[in-house]
Amino acid sequence: MTAKINCFIPFQDKTQVIGTVNGLKQNDLVNKIYLLAVNAEEASVEGCEVIAIDSLNSTATIKKIAEKSDADYSLIYTKYTTLELGYFALQRFVNIAEDGNASMLYADHYQIADGKKSAAPVIDYQFGSLRDDFNFGSVLFYNAAALKCGASRMNQDYKFAGLYDLRLKVAQKGEICHINEYLYSEVENDTRKSGEKIFDYVDPKNRGVQIEMEQACTEHLKEIGGYLEPKFKHIEFSENNFEFEASVIIPVFNRVRTIRDAIKSVLCQEANFKYNLIVIDNHSTDGTTEAIKEFAGDDRLIHLIPERKDLGIGGCWNAGVHHPKCGKFAVQLDSDDVYSGPDTLQKIVNAFYEQNCAMVVGTYKMTNFNMEMIAPGIIDHKEWTPENGRNNALRINGLGAPRAFYTPVLKAIKVPNTSYGEDYALGLRFSREYQIGRIYDVLYNCRRWEDNSDASLDIVKMNNHNLYKDRIRTWELQARVALKK
């Protein structure tokens, strides 16, 4: 093989970059090495050319990379830590790129954190993999012609969303290929648990980033025919007769430490309509069942133990919604969370009528087990707007809480029988046709503690969750594209 690859490496200081550069210099496939430096005057490493940039992820930086991509392939490294390529790794990238004619490739790898090396597999890219935080790893390997074509079609000048915009543009014209082989090692400095990372995208300090990402994703949806205008079906809430105006649905399994608090927060609701509480006790074994029975004297409580033993959270929701006593509106409460005040249910029901929506999403506050606020604090999901929320929902990872649904529509759609992502799937499906109402008052205390289902997931479970949500996005995006045909 002759030299085929131009490499683009972010520069922070010489100590940080020298190991990566020396490794690349030893490979005959490397044609040129470029250092991407905000402080270009400080970036001096023998055998490297410096490219002055404003930030690593900006449109301007991508266009400068495209201009310098005069070899067959371009490798963009995205971390300010040392990259160690595996044995013949670049040759493997090139071979697969040539054999399959992929426009962009990425690979499984190893991460080194606190001196410990561990496997970091990634997942396959799909049509619906629109998350801006999709984990490709830190090595992005582009067919240079595809990169240049993608960059030439980037019409907006982004500070944060340039690399994301490039990926979307490249995906429109060619394949993004996952090499499920471990081809390099990267140093990972973010060692937080999964439960601490999942709310980064709704942290108020990242709002500017999110606005740009939404713009890039919306443009992409318009270009591929998946964009939906803000036109929604009208609902006549008087068409159906219900004994109860609202039912709070709580699926629960082994939450003896929290279920009493959840139930109390429902039964203390003050509303000008008739409501009840349906608790679907999924065969608990830790005393949860007995704790629920303590409230048996309140006739608003329906304690349902399903006959089936194959129900996930979604299946429990279906059991509750199809109960003959379920009300016109089905309102969510997780078994380890609580409503923030006695007016929550009233505000939610009012929103259905005021906004003529089939689903309502509220605002919540992150707390510890003792209900004391923790970072990032209040989560209002302002990235959801009536004008573009249904499109932006394909990019983000969740829609907020508490969630509530117009029961006739929910019965027709039905909840996926899973214990992860079922609420997100509903949000996408509802928003395809109906308006989703928003309440920006804090309605809900979301307790973070060691027994949360997403508190500390290993990489295999994280990948399974992300793969499933991407499948949900793919199915929904395919359905939306089909609407235009």
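This is a predicted model: local features need pLDDT of at least 70, side-chain atom pairs count only at pLDDT 80 or more; totals for chains, interfaces and linings use all residues.
Reader: Happy with that! How many salt bridges does the count come to?
Author: A salt bridge here is a side-chain nitrogen of Lys or Arg within 4 Å of a carboxyl oxygen of Asp or Glu. One network of them links Arg-131, Asp-133, Asp-470 and Arg-473. By this rule, the count comes to 29.

Reader: How many residues apart in sequence are the parts that Lys-4 and Glu-98 tie together?
Author: The closest N and O atoms of this salt bridge are 3.2 Å apart. Lys-4 sits in the segment before β1 (5–11) and Glu-98 in helix α3 (residues 89–100), so the parts tied together are separated in sequence by 94 residues. (Helices, H or I with at least four residues, and strands, E with at least two, are DSSP runs numbered from the N terminus.)

Reader: Is Lys-4 buried or exposed?
Author: Buried means under 20% relative accessible area, exposed means over 50%, and partly exposed is in between, using a 1.4 Å probe and protein chains only. Lys-4 has a relative accessible area of 15%, so Lys-4 is buried.

Reader: Which helix holds Glu-219, the partner of Lys-169?
Author: Lys-169 and Glu-219 meet in a salt bridge with an N to O distance of 3.6 Å. The two are 50 residues apart, with Lys-169 in helix α5 (residues 162–173) and Glu-219 in helix α7 (residues 207–224). Lys-169 is buried at 1%, and Glu-219 is buried at 14%. The helix that holds Glu-219 is α7.

Reader: What does Lys-231 count as, buried or exposed?
Author: Lys-231 forms a salt bridge with Glu-229, with the closest N and O atoms 3.2 Å apart. Glu-229 is partly exposed, at 43%. Lys-231 has 63% relative accessibility, so this lysine counts as exposed.

Reader: Now for rings! How many aromatic pairs does a search of the whole structure find?
Author: Rings of Phe, Tyr and Trp (its six-membered ring) pair if their centres lie within 6.5 Å; planes under 30 degrees apart count as stacked, over 60 as edge-to-face and the rest as tilted. Searching the whole structure gives a total of 20.

Reader: What kind of pair do Tyr-106 and Phe-134 make?
Author: Their ring centres are 6.1 Å apart and their planes lie at 85°, so the pair is edge-to-face. Tyr-106 belongs to strand β6 (residues 104–113), whereas Phe-134 is in the loop between β7 (116–120) and β8 (139–143). Tyr-106 is buried at 0%, as is Phe-134 at 6%.

Reader: Which residue lies over the face of Phe-369?
Author: A charge sits over a ring if NZ of Lys or CZ of Arg is within 6 Å of the ring centre and within 35 degrees of the ring normal. Lys-469 lies over Tyr-424 in this way, at 5.0 Å. Over the face of Phe-369, at 4.6 Å from the ring centre, lies Arg-257.

Reader: Last one: which residue does a cis peptide bond join to Ala-401?
Author: Most residues other than glycine have a negative phi, and most peptide bonds are trans. The bond from Ala-375 to Pro-376 is cis, with omega near 5°, and Pro-376 lies in strand β16 (residues 373–379). Another cis bond, with omega about -5°, joins Ala-401 to Pro-402.

Methods:
Residues are numbered from 1 along each chain as its sequence is written. Side-chain values use heavy atoms; hydrogens and water are left out.
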